[in-house]
Amino acid sequence: MAKAKTLKLKWLSLASLLNSTGAAFLWPLITVFINKHLGKSLTVAGIVLFIMSIAMILGNYLGGYLFDHWNAYLTSVWGAVIATVSIIFMIFFHNWPAFPILIYFVSFGDGICASVINSYGNFVPSNDALFVYNMVYLAFNVGVVLGTLLVGVLYPISIDLTFIVASCFYVVFLLTMILFFNVPILKQAKKKETAAVSSTSHQRLRELIVYAIFVHLCMIYLGYALWESIMSVHITKLGIPFVAYSLLWTMNGAIIIVGQPIVSYFAPYIKLYKQIYVGLLLFTFSFILLPFIHTLLGFILDFIMLTLGDMMSVPGIPAWISDITPVSRTGKYQSLISSTISIGRAIGPLLGGIIIEAYSYNVLFLTAFLLMFITFIPITITNGIYMRRKQAN
């Protein structure tokens, strides 16, 4: 009997790398391009970014729904087609309002692809789902570093060249989807389904754990969005040059690239939820230290703490959710991870601006810490009850 075709981890990781590289060309570019080249205000740029996040969330949801209820392969291909065609059009049409309209379509396609890539991770042949998601996470971050470095070099040369190179990454991404993602998902799902729903009496409690994770993950990425937006202003106001702030992100990528294989090596010796607990708490407590930091060295140490927390928790969350949810709903739950991240990124800068104008940066940091810490508690409570019931049976 012929062996069923399966999706190899190297192709899933390559897809994650190519997609994140192409997307990383756009995120650093949008605000400055809209403001400097198109002559629009920063408020308009902020509105464009917010609508981008909404488009991403819609894509996340649609990608997960179609993965479960339609055709996983065609969903992945159509998501990649939408993003790729849109970025190619951007080479020729990047005036107002063509640029923001095309950006929305790119984000919508990327949202579909993000959910699909996460969902496919549940069907890569491996004894360890955490290893799969760690590698996808690593590939994603390599793409972010590569994309942000390339856009920094290409943008001063030519905006057209920037869009051309970004389009090349998307075209190769689309070809990867077409050539390697056509695998029989449903047949594999049937083999795994029994383990996923073997204890239906615990399913309600599992769902409570999952939604508690989603709420906390939203707060985590709200905090991440503050570092991506508000922190640049705060750091420069303290007399630290902007280039130092940008180098923090280079350091972030380097730590993840070097450290993620180490985390993967030791992961089998640590219970997954305990590793995630430690990572989430490191990330959370990095914010309570910010009011006391006024030097570059302090920000470096704090950002290292945040990065380690991110590295220990974020790639493990899809694997944890995959472990406690039915395979037949893979698309739904993995898409909710992507949607939750997008929601956190959308509301972070808005909330940050409101709190800073009304109070101060220190109040913002304390608020972010409290939001993350308070939403962490329900995860430990629900998971603690679940583990005790599981051991009792």
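## A nonpolar surface patch

In this predicted model, a nonpolar patch on the surface is formed by Val85, Ile88, Phe89, Phe92, Phe93, Val171, Leu175, Ile178 and Leu179. Together these residues have about 810 Å² of accessible area, as given by the Shrake-Rupley method with a 1.4 Å probe, where for residues only the protein chains shown count as cover. Patches are made of residues with over 30% relative accessible area and no salt bridge; like charges are joined within 9 Å and nonpolar side chains (Val, Leu, Ile, Met, Phe, Trp, Tyr) within 5 Å. A salt bridge is a side-chain nitrogen of Lys or Arg within 4 Å of a carboxyl oxygen of Asp or Glu.

Helix H3 (72-92) and helix H6 (159-180) each contribute at least two residues to the nonpolar patch. Helices (H or I, at least four residues) and strands (E, at least two) are DSSP runs, numbered from the N terminus. Val85 belongs to helix H3 and is partly exposed, with a relative accessible area of 38%. Buried means under 20% relative accessible area and exposed over 50%, with partly exposed in between (1.4 Å probe, protein chains only).

## Basis of the model

Residues are numbered from 1 along each chain as its sequence is written. Because this is a predicted model, local features need pLDDT of at least 70 and side-chain atom pairs count only at pLDDT 80 or more, while totals for chains, interfaces and linings use all residues; side-chain values use heavy atoms, with hydrogens and water left out.

## Overall architecture

The protein chain has 15 helices and 0 strands. Its radius of gyration is 21 Å, close to the 21 Å that the globule rule gives for 393 residues, so the chain is as compact as a globular protein of that length. The radius of gyration is taken over C-alpha atoms, and the globule rule is 2.2 Å times the number of residues to the power 0.38. Along the principal axes, the C-alpha atoms fill a box of roughly 60 × 50 × 35 Å.

Of the 393 residues, 53% are buried. The chain exposes about 17500 Å², of which carbon and sulfur atoms supply 72%. Among contacts (heavy atoms within 4.5 Å) between residues at least 6 apart in sequence, 84% join residues at least 24 apart.

## The nonpolar cores

A nonpolar core is a set of buried Ala, Val, Leu, Ile, Met, Phe, Trp, Tyr and Cys residues joined through side-chain atoms within 4.5 Å. The largest such core has 58 residues, of which Trp227, Phe287 and Trp320 touch the most other members. Two or more residues each come from helices H8 (203-228), H9 (230-237), H10 (242-266), H11 (272-288), H12 (296-313), H13 (316-324), H14 (330-358) and H15 (361-392). H8 provides the largest share of this core, 15 residues. Apart from it lies another core, of 54 residues, with Phe25, Leu29, Ile159 and Met177 among them.

Not counting residues up to four places away in sequence, Trp227 touches Ile235, Tyr245, Leu248, Trp249, Phe287, Leu290, Phe299, Asp302, Phe303 and Leu306. Helix H13 is mostly covered, as 8 of its 9 residues are buried: Gly316, Ile317, Pro318, Ala319, Trp320, Ile321, Ser322 and Ile324.

Ser13 lies in helix H1 (residues 9-37) and is buried, with a relative accessible area of 13%. Residues up to four places away in sequence aside, Ser13 touches Met135, Val136 and Ala139.

Ile159 is placed in helix H6 and counts as buried at 14% relative accessibility. Beyond its neighbours within four places in sequence, Ile159 is in contact with Leu29, Phe33 and His94.

The peptide bond from Trp96 to Pro97 is cis, with omega near 5 degrees. Pro97 is in the loop between H3 and helix H4 (98-120).

Thr295 lies in the loop between H11 and H12 and is partly exposed, with a relative accessible area of 45%. Thr295 and Leu12 are 283 residues apart in sequence and 41 Å apart in space, C-alpha to C-alpha. Leu297, in helix H12, is exposed, with a relative accessible area of 55%. From Leu297 to Leu248 the C-alpha distance is 11 Å, and the two are 49 residues apart in sequence.
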